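Reader: I am new to reading protein models, and I would like to go through one with you. Could we take it a question at a time?

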Amino acid sequence: MDFTLSPKQQALQDEVREFARTVVAPSADERFRNGRWDKDLWLEFGKHKWPGAVIPEKFGGLGGSAMEHAIIVEQIAKVDCSLGASLNLLQQTNMALLKFGTDERRQRYLPLLASGQSYSITGITESASGSKMTDMETTAVQDGNHWVINGQKTEVHIPQHVQICLVFAKTPGGVSAFLVETANPGFSTLYDREIVGLRGIPMSAVGFKDCRVPADDLLGKEGGAYEVFFNSFDLSRIGNAAKCIGIAEGALEAAIAYAKERRVGDNVVTDFQGIRWQLADLVTRIEAARWLTYKAAAEYEATGKSTVSSAKAKLLACTTAMEATTVAFQITGSHGCFADQPFARFMMDAKLSEITGGTAEVLKNTIARDLLGKPRNPTL
Ligand SMILES: Cc1cc2nc3c(=O)[nH]c(=O)nc-3n(C[C@H](O)[C@H](O)[C@H](O)COP(=O)(O)OP(=O)(O)OC[C@H]3O[C@@H](n4cnc5c(N)ncnc54)[C@H](O)[C@@H]3O)c2cc1C
């Protein structure tokens with residue numbers, strides 16, 4: 001076993017860390033407060049090909065693997081979780097296109113997605129269906145050489161900045177996955193939603209009204225959404241885990257910097273053993289979560305699949321992030337309670353990360369099913 005990053009991965013980590021510290025961090029609180037996604041900043045990411053971490057070089061990507069994706073997301077999420085989440089969400093479309101898209105679609109979209117000139121979102125959740133995909137009411141019916149989609153998706157991000165979306169809909173053979181251009185006259189943004197965390201990637205509800213998509217935009221087989229789902233979500237759960245590790249590290253670093261200086265009587269806050277033990281527990285859990293994430297990434301790279309390892313990594317990382325942000329908040333006392341500090345942002349981002357991309361309960365179900373030899377059951 002080799003626990004070291006390769007020189008190339010180390011260089012990538014250093015490069016992203018420095019960019020995050022100098023370019024991303026200074027405006028992270030403002031973006032969170034104003035619920036703003038920064039298209040220009042995204043284009044800067046694109047110049048480094050970070051949105052295309054796993055896209056092969058022949059399509060304009062970085063040509064990396066799940067490891068490179070995890071390295072990038074962790075460093076960005078450490079200062080701005082919303083942008084870490086943006087990098088991660090995009091991988092669902094990247095992977096779906098790479099594995100199931102036609103050559104023409106890959107040539108058309110992947111270079112734009114890798115370079116930050118385009119973005120894509122995923123539409124699964126509806127008002128009446130969340131964790132259980134088969135409850136969805138959005139339908140797609142075949143009409144000649146097209147599919148016609150009708151329905152609504154209530155939790156999609158920044159449709160105004162998006163060229164395509166990965167949409168799941170019920171078809172006669174089950175649930176199927178489609179690529180839909182947002183320029184399609186059948187696609188519309190219905191209303192914006194005021195979310196309380198991950199506010200730097202705002203959320204809206206979108207509608208599909210007799211939205212006709214060419215048969216080529218059915219990804220995989222009709223009724224084959226689960227294959228698309230697992231292929232894409234195993235990777236995005238690795239990214240989600242990396243994102244949570246970033247949140248935990250970012251919150252603790254900011255809290256420790258303050259607590260080391262904050263005098264209480266003859267001590268500074270970090271002199272107290274009760275505080276030190278909490279910090280020791282948390283850095284241990286963060287490191288464990290990182291290695292679980294890297295293990296899942298290695299498995300994904302080797303086999304194209306990492307469902308259970310990804311679930312374990314995300315479970316440990318998201319619960320650790322929640323605890324780390326709570327402790328960070330606590331040890332900064334009233335200093336942390338004000339909006340000019342990042343602690344509320346870190347905490348809300350951690351809470352929402354226990355829900356998005358596989359709730360903690362759904363992840364435990366995945367892990368337990370594997371433990372008990374039960375078949376996979378795709379839930380978000
Ligand atoms: C920040 C954020 C970003 C998101 N981005 C997107 C997106 O880009 N695209 C998209 O389509 N959706 C998105 N979602 C939606 C997200 O994927 C859903 O929130 C998630 O799938 C859970 O669905 P739900 O919220 O409807 O919860 P429900 O399915 O209604 O579940 C409610 C509660 O019951 C628990 N529960 C459900 N089933 C079980 C079970 N079998 N055993 C035990 N407990 C269970 C859940 O864990 C949860 O705690 C996003 C959500 C958030 C918060």
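Reader: Where is the place of Lys49?

Author: Happy to start there! First, this is a predicted model, in which local features need pLDDT of at least 70, side-chain atom pairs count only at pLDDT 80 or more, and totals for chains, interfaces and linings use all residues. Residues are numbered from 1 along each chain as its sequence is written, and side-chain values use heavy atoms, with hydrogens and water left out. Helices (H or I, at least four residues) and strands (E, at least two) are DSSP runs, numbered from the N terminus, and Lys49 is in the loop between helix H3 (39–47) and helix H4 (66–77).

Reader: Is Lys49 buried or partly exposed?

Author: Buried means under 20% relative accessible area, exposed means over 50%, and partly exposed is in between (1.4 Å probe, protein chains only). Lys49 has a positive phi of about 65 degrees although it is not a glycine. Its relative accessibility is 36%, so Lys49 counts as partly exposed.

Reader: And Leu198, is that buried or exposed?

Author: Leu198 lies in the loop between strand E6 (187–193) and strand E7 (203–214). Its phi is near 45 degrees, a positive value in a residue other than glycine. Because its relative accessibility is 7%, Leu198 counts as buried.

Reader: How far apart are the C-alpha atoms of Phe229 and Ala96?

Author: Phe229 belongs to helix H7. It counts as buried because its relative accessibility is 0%. Along the chain, Phe229 and Ala96 are 133 residues apart, yet their C-alpha atoms are separated by 8.1 Å.

Reader: How many of the residues of H9 are buried?

Author: Helix H9 (residues 307–331) reaches 36 Å from its first C-alpha to its last, close to the 36 Å expected. Just after H9, Gly333 takes a positive phi of about 60 degrees. H9 is largely enclosed by the rest of the structure, because its buried residues number 19 of the 25.

Reader: Which residue in E3 does Gln142 stand opposite?

Author: Two strands pair if DSSP finds at least two bridges between them. Strand E2 (residues 139–143) and strand E3 (residues 146–157) pair in the antiparallel sense over five bridges. Their hairpin has two residues between the strands, and Gly144 there takes a positive phi near 60 degrees. Opposite Gln142 stands Trp147.

Reader: How much of the accessible area of the ligand does the protein cover?

Author: A polar side-chain atom of Thr359 lies 2.6 Å from an oxygen atom of the ligand. Accessible areas come from the Shrake-Rupley method with a 1.4 Å probe; for residues, only the protein chains shown count as cover. Of the 960 Å² that the ligand has on its own, the protein covers 65%.

Notes: Polar contact = N/O pair within 3.5 Å; in protein donor to acceptor, adjacent residues only side chain to side chain. Expected span 1.5 Å × (residues − 1).
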